[in-house]
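Q: I would like a close look at a single part of this protein. Please place that part in its wider setting as well.

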Amino acid sequence: MKISTKGRYALRFMLELALNDTEKPVRIRDVAERQGISDKYLEQIISVLNKGGFVRSMRGPQGGYLLAKRPEEYTVGMILRLTEGSMAPVDCVDGAGKNCPKADECVTTIVWQKINDAVNGVIDHITLADLVDWQLVKNGEYNI
């Protein structure tokens, strides 16, 4: 499984908002420049995040985007599923694929389920607040 640029950039954008978790909105242009992302592509990603209720926009000359909730209320899994869709490695272990005609006899389903459980176990237990902490440690700003 590969996470597309859409999911990776969405996570990086949300991290930028969390790192600047003040009442001052973050401008798309500033994030795009810092992250090396096209403004237009970032706008498309933000549209998905906005529709999902993950960010809120503020208009005007000092406008931009803010997180809709606190960083600890978002998991990496929430952000990736919003932008990428299901994180299941194959349809038969995704909720939509439970009607597989071979499910009762196919032993490989066990492998796919274990992979699915492992991925979900990681992405659903790392919060945006965790990423903020890790980034601050990486920048030498504090120790955990």
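Does Thr83 count as buried or exposed, and at what relative accessibility?

A: Thr83 counts as buried, because its relative accessibility is 8%, and the cut-off for buried is under 20%. Keep in mind that this is a predicted model.

Start with the residue itself. Thr83 sits in helix α4. Its side chain reaches the backbone oxygen of Ile79, at 3.0 Å. Set aside the neighbours within four places in sequence, and Thr83 is in contact with Lys6, Gly7, Ala10, Val48 and Leu49.

Next, the helix around it. α4 spans 76–84. It is among the elements that cover the buried residues of α6. The others named there include α1 (5–19) and β2 (64–67).

Now turn to α6 itself, residues 128–138. Its buried residues are Leu128, Ala129, Leu131, Val132 and Leu136. They lie on the same side of α6, because they cover an arc of only 155 degrees around the axis. Both ends of α6 have a local detail. At the start, a side-chain oxygen of Thr127 comes to within 3.3 Å of the backbone nitrogen of Ala129. Just after the helix, Gly140 adopts a positive phi of about 75 degrees.

Another helix pair deserves a look. Two packed helices are described by the angle between their axes and the distance between the axes. For α2 (residues 28–35) and α3 (residues 39–51), the angle is about 115 degrees and the axes are 9 Å apart. The crossing of α2 past α3 is right-handed. On the α2 side, the contact uses Ile28, Arg29, Val31 and Ala32. On the α3 side, it uses Asp39, Leu42, Glu43 and Ile46. By class, these contact residues divide into 5 nonpolar, no polar and 3 charged. Val48 and Leu49, partners of Thr83, fall within the residue range of α3, 39–51.

Finally, the whole protein. It has 6 helices and 2 strands. Along the sequence the pattern reads α-α-α-β-β-α-α-α. The C-alpha atoms fill a box of roughly 60 × 35 × 25 Å along the principal axes. Of the 144 residues, 35% are buried, and Thr83 counts as one of the buried residues. Take the contacts between residues at least 6 apart in sequence: 61% of them join residues at least 24 apart.

Conventions. Residues are numbered from 1 along each chain as its sequence is written. This is a predicted model: local features need pLDDT of at least 70, side-chain atom pairs count only at pLDDT 80 or more; totals for chains, interfaces and linings use all residues. Side-chain values use heavy atoms; hydrogens and water are left out. Axes are lines fitted to C-alpha atoms, for helices over the stretch in contact, and angles run from 0 to 180 degrees between N-to-C directions. Helices (H or I, at least four residues) and strands (E, at least two) are DSSP runs, numbered from the N terminus. A crossing is left-handed if the near helix is turned anticlockwise from the far one by less than a right angle, and right-handed if clockwise. Contact means heavy atoms within 4.5 Å. Ala, Val, Leu, Ile, Met, Phe, Trp, Tyr, Cys and Pro count as nonpolar, Asp, Glu, Lys and Arg as charged, and the others, Gly among them, as polar. Buried means under 20% relative accessible area, exposed over 50%, partly exposed in between (1.4 Å probe, protein chains only). The arc is that of the directions from the helix axis to the C-beta atoms. A polar contact is a pair of N or O atoms within 3.5 Å; within protein, one must be able to donate a hydrogen and the other to accept it, and residues adjacent in sequence count only if both atoms are side-chain atoms.
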